[in-house]
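Biologist: I would like a close look at a single part of this model. Please keep the terms plain and give the cut-offs.

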Amino acid sequence: MGILDLSGAIKSENVTKPKNVTKPETMTKTCDAYNPKSETDPMTQTHPMIGRNLRIDSDRLWQSLMDMAKIGPGVAGGNNRQALTDDDSTARHLFQSWCAAEGLSLHTDKMGNMFARREGSDASLPPVMVGSHLDTQPTGGKYDGPLGVLAALEIIRSLNEAGLATRHPIEIVNWTNEEGCRFAPPMMASGVFAGVHDLDWAYDRTDAAGARFGDELERIGWVGDAAVGGRPVAAFFELHIEQGPILEDSKTDIGVVTHGQGLNWIRVTLTGKEAHTGSTPMPSRVNAGLGMAQITVLAHQIALAHAPYAVGAVGHCEIFPNSTNIIPGKAIFTIDFRSPDPAVIAAMHDELRTGASAIAKTLGLGIDFELAGAFDPVAFDPACIDRVRAAADRLGYSHMDLVSGAGHDAFWMSRVAPTAMIMCPCVDGLSHNEAEEISQDWAAASANVLFHAVVETAGLVSDD
């Protein structure tokens, strides 16, 4: 049997272009077609028909996205399909039925991660994984996560329609609890897969109502038998909406993610003195709410000082007793600092502690700091990145390098397998919002790039 190369793909005139997207030369990163490293690399021969045929079905992908969005509808046109809810289970069953229709074998691990496998021609080779997540925020959109899972399914559908085989197996993965909105932290199940978190620790996470993760996973019927992780993976690819405005603003079709930002979550507790808002003289107040406000401004200033790649904000805050006519005696809030440079994260953290301590001293407040969460910046695999760039080039899409500001399952997967991410534009950069929107053309373009990158990595096999 011969091996087919995708590098000879023909730029078809009828390739769907994203709406209102041009190809500005200043935003397009050029890259030579994939160069095999050795004569034994599976992608060493060419086949002139493959480039013309390898396109996903845009209408079918879009319909799948719309069908999935019917499960767990939000109140404003988006989705509320949080992890381990009944709606999450329903979405899983729909995805399972679609995979079964394509002849895929499904196995589920003890974290509820779903792996739908299409066998390769060489049973000794590890799988190329591709996917994302089906859970959403409580006020989430239709595309954050599902685009990556359903584009992966569309790859399998297109391969099956064309009657094409790959050397490596291809596995679609739906990661459990990526969002982390019900059970913190985010990216939890992929973290267990990658050895970042312990299984029993993950099972013991609870939601705001006190429900335990392990119990809820069992309740909805998605505790699998397979061990979590500990097996070889040839590569992992994840397609995701950008969740930012850069691609749309620059009229660029494809985001090639080279790095992911690291972060520090710094939880600050300020202790003051509760007192009556009407009868306490201003100079006598020890106002924890005022301290929180000043430190919020400080966090903003620190992030601006490390621009353009650093960001920071207070995302969660509570004041106590939270009564209209009582000066807050306590404030608890969390600063989220992010950067692709670990030295910058460390510097912002140090500046925050120094500046916040000075503010607390001036206001007569007690202050405590806790590192509530952290992960290091991620550098994705150069060879996988090159395949994404080369796929965009051969398909005629403009592309640019991006650093992901949000966390993704690909971050943890990069610890155990060569990994790359592709980003699709989203309207006004809006995400984690029911108004989140993309165009069908954008979805098709990014799915086509994913298709080529995954199939190149898996090694397309001919019948010669």
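Is S446 buried or exposed?

Modeller: This is a predicted model, in which local features need pLDDT of at least 70 and side-chain atom pairs count only at pLDDT 80 or more, while totals for chains, interfaces and linings use all residues. Residues are numbered from 1 along each chain as its sequence is written, and side-chain values use heavy atoms, with hydrogens and water left out.

S446 has a relative accessible area of 0%, so S446 is buried (buried means under 20% relative accessible area, exposed over 50%, partly exposed in between, with a 1.4 Å probe and protein chains only). S446 is part of helix 13 (helices are DSSP runs of H or I with at least four residues, numbered from the N terminus). Leaving aside residues up to four places away in sequence, S446 touches L147, L239, I254, I422 and C424 (contact means heavy atoms within 4.5 Å).

Next comes the helix pair. Helix 13 covers residues 440-458 and packs against helix 4, residues 146-162, at an angle of about 60°, with the axes 10 Å apart (axes are lines fitted to C-alpha atoms over the stretch in contact, and angles run from 0 to 180 degrees between N-to-C directions). That angle makes helix 4 oblique to helix 13 (under 35 degrees counts as roughly parallel, over 145 as roughly antiparallel, 65 to 115 as roughly perpendicular and the rest as oblique). On the helix 4 side, the residues in contact include L147, A151 and I155; on the helix 13 side, they include A443, S446 and L450.

How values were computed:
Helices (H or I, at least four residues) and strands (E, at least two) are DSSP runs, numbered from the N terminus.
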